[in-house]
Amino acid sequence: MTIQDIFQSAVEFAASGDDRRAAEAYRQFLDEVDDLRLRLPESERQSLRRAATFNLGQTLNRLEDYEQARKLITTELLDGATPFGRAVALAVRGEALCGLG
């Protein structure tokens with residue numbers, strides 16, 4: 001299974017409402033992207049990580065795992081993000097913080 005297949009599976013699981021499987025697939029995707037045997041330019045690796053991390057954060061929010069979503073977004077997306085990416089990350093983080101009460 002290619003990384004594209006894994007990402008597509010995660011998207012499909014999320015679209016069908018199977019957030020647990022979506023979260024598992026996004027985590028698998030992130031593990032695969034981090035595998036140094038996968039020869040990707042660092043800029044592409046970072047871009048793929050940001051996309052999957054954002055989606056995983058939203059999936060965790062839907063699973064009401066707000067603390068994990070907040071930690072993920074804080075550690076993965078806020079550092080080094082573009083202004084647009086930072087705004088998106090803050091929106092996901094805000095949703096998690098609202099869930100935490």
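Biologist: In this predicted model, is T53 buried or exposed?
Modeller: T53 has its place in helix α3, and its relative accessible area comes to 1%. Since a residue counts as buried when that area is under 20%, the class that applies to T53 is buried.

Biologist: Which residues is T53 in contact with, once its neighbours within four places in sequence are left aside?
Modeller: With those neighbours within four places set aside, the contacts of T53 can be listed by name. T53, which is itself one of the α3 residues that meet α4, is in contact with L30, L72, I73, E76 and L77.

Biologist: How are α3 and α4 oriented to each other, parallel or antiparallel?
Modeller: Two packed helices are described by the angle between their axes and the distance between the axes. For helix α3 (residues 42-62) and helix α4 (residues 66-76), the axes come within 8 Å and cross at roughly 160 degrees, and α3 passes α4 in a left-handed crossing. Because angles over 145 degrees count as roughly antiparallel, the description for α3 and α4 is roughly antiparallel.

Biologist: Which residues of α4 does α3 meet, and how do the residues of this contact divide by class?
Modeller: From α3, the residues taking part are R49, T53, L56, G57, L60 and N61, and on the α4 side they meet Y66, Q68, A69, L72, I73 and E76. Divided by class, the residues of the contact of α3 with α4 are 6 nonpolar, 4 polar and 2 charged.

Biologist: What is the angle between α4 and α5, and what orientation does it make?
Modeller: The axes of α4 and helix α5 (residues 83-100) are 8 Å apart, and the two helices pack at an angle of about 155 degrees. That angle makes α4 and α5 roughly antiparallel.

Biologist: Which residues make the contact of α4 with α5, and what are their classes?
Modeller: The crossing of α4 and α5 is left-handed. On the α4 side the contact is made by Y66, E67, A69, R70, I73 and T74, and on the α5 side by A89, V92, R93, E95, A96, L97, G99 and L100. By class, these are 8 nonpolar, 2 polar and 4 charged residues.

Biologist: How do α1 and α2 cross, and how many nonpolar residues does their contact have?
Modeller: Helix α1 (residues 3-15) and helix α2 (residues 19-34) have axes that come within 8 Å and cross at roughly 160 degrees, which makes α1 roughly antiparallel to α2. The crossing of α1 and α2 is left-handed, and its contact is made by I3, I6, F7, A10, V11, F13 and A14 of α1 together with D19, R21, A22, A25, Y26, Q28, F29 and E32 of α2. By class, the contact of α1 with α2 has 1 polar and 3 charged residues, while its nonpolar residues number 11.

Biologist: How many salt bridges does the structure hold, and which residue forms one with R49?
Modeller: Side chains of opposite charge can pair when their charged atoms come close. The structure holds 5 salt bridges, and in the one formed by R49 the closest N and O atoms are 2.9 Å apart. R49 lies in helix α3 and its partner in helix α2, so the pair ties together parts that are 15 residues apart in sequence.

Biologist: What separates R45 and E42 in helix α3?
Modeller: The side chains of R45 and E42 meet in a salt bridge (3.7 Å, N to O). R45 counts as buried at 7% relative accessibility, while E42 is partly exposed with a relative accessible area of 48%. Because R45 and E42 are 3 residues apart in helix α3, what separates them is about one helical turn.

Biologist: Which residue meets R21 in a salt bridge?
Modeller: R21, which also takes part in the contact of α1 with α2, is partly exposed with a relative accessible area of 44%. The N to O distance in its salt bridge is 3.8 Å, and the partner, at 26% relative accessibility, counts as partly exposed. That partner is D18.

Key: Residues are numbered from 1 along each chain as its sequence is written. This is a predicted model: local features need pLDDT of at least 70, side-chain atom pairs count only at pLDDT 80 or more; totals for chains, interfaces and linings use all residues. Side-chain values use heavy atoms; hydrogens and water are left out. Axes are lines fitted to C-alpha atoms, for helices over the stretch in contact, and angles run from 0 to 180 degrees between N-to-C directions. Helices (H or I, at least four residues) and strands (E, at least two) are DSSP runs, numbered from the N terminus. Angles under 35 degrees count as roughly parallel, over 145 as roughly antiparallel, 65 to 115 as roughly perpendicular and the rest as oblique. A crossing is left-handed if the near helix is turned anticlockwise from the far one by less than a right angle, and right-handed if clockwise. Contact means heavy atoms within 4.5 Å. Ala, Val, Leu, Ile, Met, Phe, Trp, Tyr, Cys and Pro count as nonpolar, Asp, Glu, Lys and Arg as charged, and the others, Gly among them, as polar. A salt bridge is a side-chain nitrogen of Lys or Arg within 4 Å of a carboxyl oxygen of Asp or Glu. Buried means under 20% relative accessible area, exposed over 50%, partly exposed in between (1.4 Å probe, protein chains only).
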